[in-house]
Amino acid sequence: MQNWPPRSPSSMPASWSSLVNSLAPWAAANLTASVASRVAGEWLTQARLPQYPVGATLRNTWLVTGGRGCGKTRLGAEWVNALVRGLSPFAAYKYGRIALVGETLGDVREVMIEGPSGILAVSRGDRPRYEPSRRRLVWDDGAVAQVFSSEDPDSLRGPQFEAAWCDEVAKWKNAQACFDMLQFGLRLGRRPIQLLTTTPKPVPLIRRLMASDEVTVTRMRTMENAENLSANFISTVERRYAGTRLGRQELDGELIEDREDALWTRSDIEAFTGCSEGSSLARIVVAIDPPASSRRTSDACGIIVAGLDENGVGCVLHDGTMRAAKPQEWAARAVALYHRFQADAIVAEVNQGGEMVGNVISTVDASVPVKPVRASRGKWLRAEPVAALYAQGRVRHVRRFPELEDEMCDFGADGLSQGRSPDRVDALVWAITDLMLIRQGEPRVREF
């Protein structure tokens, strides 16, 4: 008999349902009709790989962040079902004392227990009874899941558990206190475990959990579950929210943070997205912030294309930032963008490379004009007047540039968090400074 399901990551299928379908002949030959029928009805035949991590090593705390409709609730309900039944890969034995914690008691009942993807809907075999007066689910074999709310952390004092499913943790009203009380109660059984499912928000508890080495973090996107969602819903939210901060958080399950001391905010950037391209732009420049060295471990080369329209409004057209092994690689990209956008010049910071910057660009195309700029002030001081132009609505982005925006909204007085280099921000500042903050010559004549 073959080993099933596969245990090594390299042998994983695209989805468990495709594996099950491929093994139909094997199942017919090796399983009785009743067992084959039970297997066909299990979640394995419907789950996606992130929801059913066979072969993976899950830590005692599993944090699943995801977009709306990505399958977080179904995962939580199936996880509880598997624990009560002692099913791999979630449990090696049966769990009997479980906590269900939500933002409110109503949320636990309406979503986690009685919802379309809740515990009652997915239960197979021993279906539990919900006892609302006692705030608990009871299975015939004696397993019990008690209900708790983040509104009342003290209700978690006293009870003890083997496992806990915590839903929408980023929305909890007393998140840290509730989570702390729960940890003291997870003290039964051979291996107390907890699953946390949530759409991520940059609240302290979520940031701490995502940074912890003791937490397994899984991220799921809404579009990964598109086959189970309305096509109209998918097209509508993609059209309205794709690339926005709200979309990245609510659809892609990303943790989007703004620093309190950052020069830019996402709300300001999103408010000024959308500008003209083409003949309405009087000047266009390609600005580059070369890395200090050509090692693969060095900083990226910031490359930003921006223009100035006939009304004096700056427009960010393209983010071509790249990590290059050789200077000729970033020079080739800058030159290609110069020709693609019919720019007036390449603006290049020369603090690190001096004449080398112009020389390496000339080896790619000697006809391209290079305007060297040298930093005499710190990055923050150079960026402040550019940020002021954004605040005045005088700089816009032609579309969303997520990586550039992440840097902009993480750029504080001490640079980026964790000491990273603001390559994209530096190039952006040089581009807008050249276009809007210093006197310029005649624009280049273009044909579109």
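Buried, in this talk, means under 20% relative accessible area, exposed means over 50%, and partly exposed is in between, with a 1.4 Å probe and protein chains only. By that rule Val147 is buried, at 8% relative accessibility.

Before I go on, two remarks on the source. This is a predicted model, where local features need pLDDT of at least 70 and side-chain atom pairs count only at pLDDT 80 or more, while totals for chains, interfaces and linings use all residues. Residues are numbered from 1 along each chain as its sequence is written, and side-chain values use heavy atoms, with hydrogens and water left out.

Let me stay with Val147. Where does Val147 sit? It is in strand S5; strands here are DSSP runs of E with at least two residues, helices are runs of H or I with at least four, and both are numbered from the N terminus. Contact means heavy atoms within 4.5 Å. Leaving aside residues up to four places away in sequence, Val147 touches Leu100, Leu105, Val108, Ile113, Tyr130, Arg135 and Arg136. Pro132 is 15 residues from Val147 along the chain, and their C-alpha atoms are separated by 9.2 Å.

Now the sheet. Two strands pair if DSSP finds at least two bridges between them. What is the order of the 8 strands in the open sheet? The order is S3-S4-S5-S2-S6-S7-S1-S8, and the pairing is mixed. Strand S3 (129-131) and strand S8 (215-220) are the edge strands, each pairing on one side only. From one strand to the next, the twist averages 15°. At the S8 end, strand S1 (residues 61-66) runs parallel to S8, and 6 bridges join them. Gly66 stands opposite Met220 in S8.

Next, the helices on the sheet. For the angles, axes are lines fitted to C-alpha atoms, for helices over the stretch in contact, and angles run from 0 to 180 degrees between N-to-C directions. H5 lies across S2, S3, strand S4 (136-138), strand S5 (144-149) and S6, and runs at about 110° to S2. H7 also packs on the sheet, where it touches S2, S5, S6 and strand S7 (193-198), and its direction makes about 160° with that of S7.

H7 has a helix partner as well. The axes of H7 and helix H8 (residues 204-211) come within 9 Å and cross at roughly 50°. That makes H7 oblique to H8, because angles under 35 degrees count as roughly parallel, over 145 as roughly antiparallel, 65 to 115 as roughly perpendicular and the rest as oblique. On the H7 side the residues are Ala175, Gln176 and Phe179, and they meet Leu205, Arg208 and Leu209 in H8.

On to charges. Side chains of opposite charge can pair when their charged atoms come close. I call it a salt bridge when a side-chain nitrogen of Lys or Arg is within 4 Å of a carboxyl oxygen of Asp or Glu. How many salt bridges does this rule give? The count comes to 17.

Glu78 pairs with Arg74, the closest N and O atoms being 2.9 Å apart. The two are 4 residues apart in helix H4 (residues 72-85), so about one helical turn separates them. Glu78 is buried at 2% relative accessible area, whereas Arg74 is partly exposed at 22%.

Lys171 lies in the loop between strand S6 (163-167) and helix H7 (175-185), and Glu103 in the loop between strand S2 (97-102) and helix H5 (105-113), so the pair ties together parts 68 residues apart in sequence. Lys171 is partly exposed, at 38%, and Glu103 is buried, at 14%.

Arg400 is buried at 16%, and Glu270 is partly exposed at 29%. Salt bridges that share partners also join Glu103, Glu151, Lys171 and Lys173 into one network.

Last, the cysteines. A disulfide is a pair of cysteine sulfur atoms within 2.5 Å, and the structure holds 0 of them. For Cys178, the nearest cysteine sulfur is that of Cys166, 7.1 Å away. Cys178 is buried, with a relative accessible area of 1%, and Cys409 is buried at 0%.
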